Amino acid sequence: MKIPKDRVRFNVGGRIFETTSTTLANAGRNSFFGALFSENWTLNQPNTDSFSNCEFFIDRNPDCFSVLLDLLRTGDLNIPPNVSERHIYREASFYGLLDHVRSAKWGQFDGNRLRHSSSVTGRAPGDGTAIRAGPDGGCCVAHGSVVHVYDWIMEEHPPLNLDYQRVNDVAWVDSENIIISACERLGRGDGGMGLFSKSTGELRYKFQVCHDNQVKSFTAGALSTSSDYKIFSSCKGRSNEYGVGVWDQVTGKQIDFLYESPGWSLGDADKLQWLNGSNCLLVATLFPRKDNCYISMLDFRDKRMVWSWSDFGAPITVDEKRVRDAIAMEDSNAICVVNEYEDLGFMDLRMNGGSVRWSSRSRMMKGKLSDEPCYPKLALHGGQLFSSMDDCISVFYGPDWVLTSRLRQGHGGSICDFSIGGDRLFALHSEENVFDVWETPPPPIS
């Protein structure tokens, strides 16, 4: 009987495996197995006298190899009881198959199909400050003066700190680098911002603010990054350097600074959001950091404010209360805001200084706030709008932003922050140092 030419034999740690070049090609060009093929995807066989003696020897774990080979065959990840997931991830990293493992464990993000995957308890007691999803499925949690970093298998890396000052915000530059903004420590000239390695915790460089050709100490607040390698941060110092600074992500050098105008607020901003389509930056300073709310759009090309809204001088009704968070929705030319009752409001970006059009979706919750409620947070991902309230996250969709689902785990108390990235949603709870991981189940194997 003729042996098919695309059969391939491996000796992995003394065990023999046979498969086909078609199966191996599923690993992709950038994998260990992709290197076995020529440019036109022809398998490079070893030079031997007969096919029966043709095999590749790999000095790795055969049990893990069996699981990963089955993954390439079927697209399904089946880990037997005698093999730990951590060993599978380690071997998948060696073979360049981590993306295949991730795709088999959870699917493309869909807020209406999310399922609770795990809850992770931190090592430090007390409340966390912020949580940020990483691009590769991991996350980081700001906790006092320390940032705890987790990879996508929820293994913690060495913690990060910037001069042991209180952390105000955290942002991912890429899958390997994290920015931390921290408070200034009076008399020390430290604080500000730093770029850290996710894996080692090494401080790669600190960002400086120059005012009147002098380097100044400052408190860095809300952070945002752009696709053209710029970093934005709200800043406030002791020598009138209040506003939003811009740095080059590659060199770490300051390239711009937009000072706040009298009667407005930029340096105390709670939230920054870069808009790729309009090349503008949303800056939102919200209650209770200030007695009034200030939301603006900044164009750094002209160094001016192109859109603004404030509730200064406006009567605050019992129904509306204060704006607690804001997010720009470029596709709709709108700003979405939320109040403490999770009522959503919308403002037209084409009208400067217009009023908020409130949509009272959650009035049944009025009078039912917990004793120590967390302020609602907003996020926009894949055309879906997310809003946290107490221990629940609501998902809205469609032109009228209809409530389509709610996420609730019921452990750890109110949600003080949440973040979406790497096809996962992370929710940080306030009453206990715990965060939840939500994933979309992978599609069924046909």
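Q: What makes Ser-227 and Glu-330 touching partners of Asn-276?
A: Asn-276 touches both Ser-227 and Glu-330, leaving aside residues up to four places away in sequence. Contact here means heavy atoms within 4.5 Å. The C-alpha atoms of Asn-276 and Ser-227 are separated by 7.3 Å, although these residues are 49 residues apart along the chain.

A quick word on the source: this is a predicted model, where local features need pLDDT of at least 70 and side-chain atom pairs count only at pLDDT 80 or more, while totals for chains, interfaces and linings use all residues. Residues are numbered from 1 along each chain as its sequence is written, and side-chain values use heavy atoms, with hydrogens and water left out.

Q: Why does Asn-276 count as partly exposed?
A: Buried means under 20% relative accessible area, exposed means over 50%, and partly exposed lies in between (1.4 Å probe, protein chains only). Asn-276 has 44% relative accessibility, so it counts as partly exposed. You will find Asn-276 in the loop between β18 (271-275) and β19 (280-285); helices (H or I, at least four residues) and strands (E, at least two) are DSSP runs, numbered from the N terminus.

Q: Why is α3 called oblique to α4?
A: The axes of α3 (residues 85-95) and α4 (residues 98-105) come within 8 Å and cross at roughly 135 degrees. Axes are lines fitted to C-alpha atoms, for helices over the stretch in contact, and angles run from 0 to 180 degrees between N-to-C directions. Angles under 35 degrees count as roughly parallel, over 145 as roughly antiparallel, 65 to 115 as roughly perpendicular and the rest as oblique. That is why α3 is oblique to α4. The contact involves Glu-85, Tyr-89, Ala-92 and Ser-93 of α3, together with Leu-98, Val-101 and Lys-105 of α4.

Q: What makes the pair of Phe-10 and Phe-33 edge-to-face?
A: Rings of Phe, Tyr and Trp (its six-membered ring) pair if their centres lie within 6.5 Å; planes under 30 degrees apart count as stacked, over 60 as edge-to-face and the rest as tilted. Phe-10 and Phe-33 lie 5.8 Å centre to centre with 80 degrees between the planes, which gives the edge-to-face label. Both Phe-10 and Phe-33 are buried.

Q: How do you know that the charged end of Arg-60 sits over the ring of Phe-94?
A: The rule asks for NZ of Lys or CZ of Arg within 6 Å of the ring centre and within 35 degrees of the ring normal. The charged end of Arg-60 is 3.9 Å from the centre of the Phe-94 ring and sits over that ring. Likewise, the charged end of Arg-424 sits over the ring of Trp-106, 3.8 Å from its centre.
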